[in-house]
Amino acid sequence: MSDACIFCRIVGGTIPATLVASNAYGVAFRDLFPQAPSHLLVIPRRHVASLAEATDGAELGALMLLAAEVARLEGMEDAGYRVVANTGKDGGQTVHHLHLHVLGGRTMHWPPG
Ligand code: AMP
């Protein structure tokens, strides 16, 4: 847990967020600047800087299951949705605490920008 990390502070409750779901390993909340009608972020409770730093398969599995759960809660299961982990500079990562974007509610395009 790092006071300098905005997502650690969301986990710790010192920065507000709209929480949607959680499990033992992670929490899910709404993105402040949604890029789709439904745009959630799924993050680990402990500080992991990015997917490149991840080492715990149980933790990653739990985060993926939480992403699927929030997609279900958002009613996106049938129509589909996208899960993205921007990683590092070329990946476009701006917050350096691992997070899965869960995007849906509209048709996604490929390739991404
Ligand atoms: P990335 O660019 O992949 O690192 O994604 C970071 C995401 O965090 C962006 O989509 C931001 O809109 C989102 N974000 C940044 N600060 C907050 C916050 N305080 N609450 C919710 N979402 C945030």
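Analyst: By class, the lining of the largest pocket comes out as 16 nonpolar, twelve polar and five charged residues; here Ala, Val, Leu, Ile, Met, Phe, Trp, Tyr, Cys and Pro count as nonpolar, Asp, Glu, Lys and Arg as charged, and the others, Gly among them, as polar. Mind that this is a predicted model: local features need pLDDT of at least 70 and side-chain atom pairs pLDDT 80 or more, while totals for chains, interfaces and linings use all residues. Numbering runs from 1 along each chain as its sequence is written, and side-chain values use heavy atoms, with hydrogens and water left out.

The largest pocket has a volume of about 750 Å³. Of its 33 lining residues, D31, Q35, H39, N86 and H101 are the closest to the centre. Elements giving two or more residues to that lining are α1, β2, β3 (38–44), β4 (81–84), α3 (88–91) and β5 (100–104), and α1 has the largest share, with three. (A pocket is an open set of points on a 1 Å grid over the protein atoms alone, where a 1.4 Å probe fits, with protein on both sides within 12 Å along at least five of seven lines; lining residues have an atom within 4 Å of a point. The volume is the space filled by probe spheres set on the points, which are joined across faces, edges and corners. Helices, H or I of at least four residues, and strands, E of at least two, are DSSP runs numbered from the N terminus.)

The ligand sits in this largest pocket, meaning more than half of its atoms lie within 2 Å of the grid points. Around the ligand are 16 residues, the closest being D31, N86, T94, H99 and H101; a residue is in if one of its heavy atoms lies within 4 Å. Both α1 (6–12) and β2 (26–30) supply at least two residues of this shell, and α1 again gives the largest share, three residues. By class, the shell has eight nonpolar, six polar and two charged residues.

Now the polar contacts, pairs of N or O atoms within 3.5 Å. H101 puts a polar side-chain atom 2.8 Å from a ligand oxygen, and H99 does likewise at 2.9 Å. From L32, a polar backbone atom is 3.1 Å from a ligand nitrogen. Taken alone, the ligand exposes 500 Å², and the protein buries 86% of that (Shrake-Rupley areas, 1.4 Å probe).

Notes:
A polar contact is a pair of N or O atoms within 3.5 Å; within protein, one must be able to donate a hydrogen and the other to accept it, and residues adjacent in sequence count only if both atoms are side-chain atoms.
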